[in-house]
Amino acid sequence: CTTSAGGEEELVGRVWTLESIEGFTSFPSDVATPTIRFAPDGLLSGNTGCNGGGAAYRIEGDNLLVIEPMTMTKRACANPEGNRLESAYVAAVQNAHSFRVTPTTLELLNESGEVLARFP
């Protein structure tokens with residue numbers, strides 16, 4: 001696996017679907033799989049499985065990611081596991097310090113370089 005040199009070109013404009021996130025070996029079947037999209041205009045949008053949201057973002061230096069606080073709709077999931085997945089997703093996005101794009105995946109990384117969430 002190799003990482004792209006700049007990364008921004010591969011990150012932007014694609015809808016990424018969550019594959020893995022800490023605390024979940026599988027996702028609730030009655031909840032939509034979370035997604036994220038980084039638009040060229042500096043706005044990200046996403047679906048947590050229960051709610052939609054977005055935030056401004058910018059890329060600094062070598063794949064450093066700065067994401068402003070997300071605004072979200074406030075619909076509760078019928079399934080409590082959906083609410084827990086949503087909390088994990090929002091925490092991963094808000095705590096992302098950098099990203100890594102390979103030919104097949106996007107990984108959001110914390111300040112220590114550990115994977116918070118993986119999207120194919």
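1. Residues are numbered from 1 along each chain as its sequence is written, and side-chain values use heavy atoms, with hydrogens and water left out. The pLDDT (the predictor's confidence in each residue, from 0 to 100) averages 91 for the protein, and 95% of the residues score at least 70. Residues 1-6 have a pLDDT below 50, although this stretch has 14 contacts in the model beyond near neighbours in sequence; a contact here means heavy atoms within 4.5 Å. Where pLDDT is low, the predicted coordinates should not be read in detail.

2. **The disulfide.** A disulfide is taken as a pair of cysteine sulfur atoms within 2.5 Å. Cys 50 and Cys 77 form one, with their sulfur atoms 1.2 Å apart. The torsion about their S-S bond is about 110°, so the disulfide is right-handed. Cys 50 lies in the loop between β4 (43-47) and β5 (52-60), and Cys 77 in the loop between β7 (71-72) and α2 (80-94), so the pair ties together parts that are 27 residues apart in sequence. Helices (H or I, at least four residues) and strands (E, at least two) are DSSP runs, numbered from the N terminus. Both cysteines are buried: Cys 50 has a relative accessible area of 7%, and Cys 77 is at 10%. Buried means under 20% relative accessible area, exposed over 50%, and partly exposed in between (1.4 Å probe, protein chains only).

3. **Strand β9 and its neighbours.** Two strands pair if DSSP finds at least two bridges between them. β9 runs antiparallel to β8 (residues 98-101), joined by four bridges, and antiparallel to β10, again through four bridges. With β8 it forms a hairpin that has four residues between the strands, and Ser 98 stands opposite Leu 109. On the β10 side, Leu 106 has Phe 119 as its bridge partner. Both faces of β9 are covered, with Leu 106 and Leu 108 buried on one side and Glu 107 and Leu 109 buried on the other.

4. **The nonpolar core.** A nonpolar core is a set of buried Ala, Val, Leu, Ile, Met, Phe, Trp, Tyr and Cys residues joined through side-chain atoms within 4.5 Å. The largest one has 27 residues, and Phe 38 and Leu 106 have the most contacts inside it. Two or more residues come from each of β3 (35-38), β5, β6 (64-67), α2, β8, β9 and β10, and α2 gives the most, with five. Among the residues that Leu 106 touches, beyond four places in sequence, are Leu 11, Trp 16, Ile 36, Phe 38 and Phe 99.

5. Asn 110 lies in the loop between β9 (106-109) and β10 (115-119) and, at 16% relative accessibility, counts as buried. Its side chain reaches the backbone nitrogen of Ser 112 at 2.9 Å, a polar contact (a pair of N or O atoms within 3.5 Å; within protein, one must be able to donate a hydrogen and the other to accept it, and residues adjacent in sequence count only if both atoms are side-chain atoms). Leaving aside residues up to four places away, Asn 110 touches Asn 95, His 97, Ser 98 and Leu 116. Glu 111 lies in the loop between β9 and β10 but counts as exposed, at 67%.

6. **Two more residues to look at.** Asn 63, in the loop between β5 and β6, has a positive phi near 65° despite being a residue other than glycine. Most residues other than glycine have a negative phi. Asn 63 counts as buried at 5% relative accessibility. Tyr 89 sits in helix α2 and is buried at 1%; residues it touches include Ile 21, Pro 34, Met 70 and Phe 119. Tyr 89 and Glu 111 are 17 Å apart, C-alpha to C-alpha, and 22 residues apart in sequence.

Methods
This is a predicted model: local features need pLDDT of at least 70, side-chain atom pairs count only at pLDDT 80 or more; totals for chains, interfaces and linings use all residues.
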